[in-house]
Amino acid sequence: MKKALLVVNPSSGGEQAQEYEKLAHQKLTTMFDEVVVLHTKKAGDAKNFTREAAVDRYHSVFVMGGDGTVNEGINGIAEQAHRPNFGFIPLGTVNDLARALGIPLEPEEAIAHLSMDALQPLDIGKINDQYFMNVVAIGTIPESINDVDPEKKTKYGKFAYFISGIKQLAGTQSYKFQLVIDGQEKQIESSTLLVGLTNSIGGFETLIPNAKVNDGKLHLVYLKDTSLLDTLKTLPDLLKGVDSSTDHLAYQTCETIQIALNEDQELATNVDGDEGVKLPVTLKVLPSHLMIYC
Ligand SMILES: Nc1ncnc2c1ncn2[C@@H]1O[C@H](COP(=O)(O)OP(=O)(O)OP(=O)(O)O)[C@@H](O)[C@H]1O
């Protein structure tokens, strides 16, 4: 008997949230013998619900919500011996994983698009004890995103991130990072460093065009900037999409990376759009760790 769990974040999806839930439930009942629906009430619920479903050996788990809910859903199953197939209906403002997988951004279309046969392996990343599916960002611009008021983020979406990033540029500060990339030590100075798993970062779908969802690689991009003028020089290269190092940006792929600050400073990471752990961090890729409905 095939059993599925649908986790719904009722705070995502606006006025039509209930209608989307009804449609998703109807669709899943055509695919599975039993469908259990659970609603989140707070941060951490989606992770707990999917973890319990993995322990109970569900065939598949689905989440409806923004990238935060998708990240939690993945964190719930990533460490389990039995990992149910994972699916999601994007209801957020950024939806990077949906963009990377070509899942329709329109919820009704995404629901109609779900099929038992449309499954593919997905790489996920691990940062210290936590999992991510899109990006770990560190430095001046990500710090400013960590400070965006969650209500504004929901209301203005990508635009809020953009404005906060631009505002922060005025006070660009570079950091001296100590990196160990696949065992090789490297000292760099940069305002902003990204480790991506997919081509879509912060809603910009062509930022790392070569990053495929199951290429078994982490994609490291960092700005070679130490002043506002340097930062501005990186923008055309960033907007074009990063597929090689330039005078202003560095790009390389790897499987593991350790990131620490050289000096005695505190810096938090941003993991899949939400504030994450502080440096130092160790990141690694878990190739094809999950099967995802796409
Ligand atoms: N019932 C609820 N009411 C209010 N907030 C909730 C509820 N359930 C979960 N949450 C919060 O929603 C967060 C996740 O939101 P998520 O990122 O999925 O949606 P979003 O903010 O609409 O999307 P995006 O960030 O892409 O715009 C959780 O971390 C939790 O804090």
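Tutor: Gladly! Bear in mind that this is a predicted model. Let's begin with lysine 186 and glutamine 252, whose side chains are joined by a polar contact of 3.4 Å.

Student: Where does lysine 186 lie?

Tutor: Lysine 186 belongs to strand 9, residues 184-190.

Student: And is lysine 186 buried or exposed, or partly exposed?

Tutor: Lysine 186 counts as partly exposed, with 32% relative accessibility.

Student: What else does lysine 186 touch?

Tutor: Leaving out residues up to four places away in sequence, lysine 186 touches Phe177, Gln178, Leu179, Ile181, Tyr222 and Gln252. For a sense of distance, take serine 12: its C-alpha atom is separated from that of lysine 186 by 41 Å, and the two residues are 174 residues apart along the chain.

Student: OK, another lysine. Where is lysine 278?

Tutor: Lysine 278 sits in strand 15, which covers residues 274-278. At 42% relative accessibility, lysine 278 counts as partly exposed.

Student: Which residues is lysine 278 in contact with?

Tutor: Setting aside neighbours within four places in sequence, they are Glu266, Leu267 and Ala268. With glutamate 266, the C-alpha atoms are separated by 7.0 Å, and the residues are twelve apart along the chain.

Student: Let's zoom out. How is the chain divided?

Tutor: There are two parts in the assignment: domain 1 takes in 3-117 and domain 2 takes in 135-288. The contact between them draws ten residues from domain 1 and 16 residues from domain 2.

Student: How much area is buried between domain 1 and domain 2?

Tutor: About 940 Å², with carbon and sulfur atoms giving 55% of it. On the domain 1 side, Thr93, Asp96 and Arg99 lose the most area to domain 2, and together they make up 45% of what that side buries.

Student: Where do glutamate 205 and arginine 99 sit in the chain?

Tutor: Glutamate 205 is in the loop between strand 10 (192-196) and strand 11 (218-223), while arginine 99 is in helix 4, so the pair ties together parts that are 106 residues apart in sequence. Glutamate 205 is partly exposed at 36% relative accessibility, whereas arginine 99 is buried at 18%.

Student: Remind me, why can such side chains pair at all?

Tutor: Side chains of opposite charge can pair when their charged atoms come close.

Student: How many salt bridges does the whole structure have?

Tutor: A search of the whole structure finds four. Among them is the one between glutamate 79 and lysine 126, with the closest N and O atoms 3.6 Å apart. Glutamate 79 lies in the loop between helix 3 and strand 4 and lysine 126 in strand 5 (residues 119-127), so this pair ties together parts 47 residues apart in sequence. Glutamate 79 is exposed at 53% relative accessible area, but lysine 126 is buried at 19%.

Student: And what about lysine 42 and aspartate 45?

Tutor: Their side chains meet in a salt bridge too, at 2.8 Å from N to O. Here lysine 42 is exposed, with a relative accessible area of 57%, and aspartate 45 is buried, with 7%.

Student: Back to helix 3. How many of its residues are buried?

Tutor: Ten of the eleven, so helix 3 is largely enclosed by the rest of the structure. Val70, Ile74 and Ile77 are among the buried ones, and so are Asp67 and Glu72.

Student: Last one: where is glutamine 80, and what does it touch?

Tutor: Glutamine 80 is in the loop between helix 3 and strand 4 (85-90). Beyond neighbours within four places in sequence, glutamine 80 is in contact with Arg51, Ala54 and Val55. Glutamine 80 is buried, with a relative accessible area of 19%.

Conventions:
Residues are numbered from 1 along each chain as its sequence is written. This is a predicted model: local features need pLDDT of at least 70, side-chain atom pairs count only at pLDDT 80 or more; totals for chains, interfaces and linings use all residues. Side-chain values use heavy atoms; hydrogens and water are left out. Domain bounds come from an automatic or database domain assignment. Contact means heavy atoms within 4.5 Å. Buried area is the accessible area (1.4 Å probe) that two parts lose on being put together, summed over both. Helices (H or I, at least four residues) and strands (E, at least two) are DSSP runs, numbered from the N terminus. Buried means under 20% relative accessible area, exposed over 50%, partly exposed in between (1.4 Å probe, protein chains only). A polar contact is a pair of N or O atoms within 3.5 Å; within protein, one must be able to donate a hydrogen and the other to accept it, and residues adjacent in sequence count only if both atoms are side-chain atoms.
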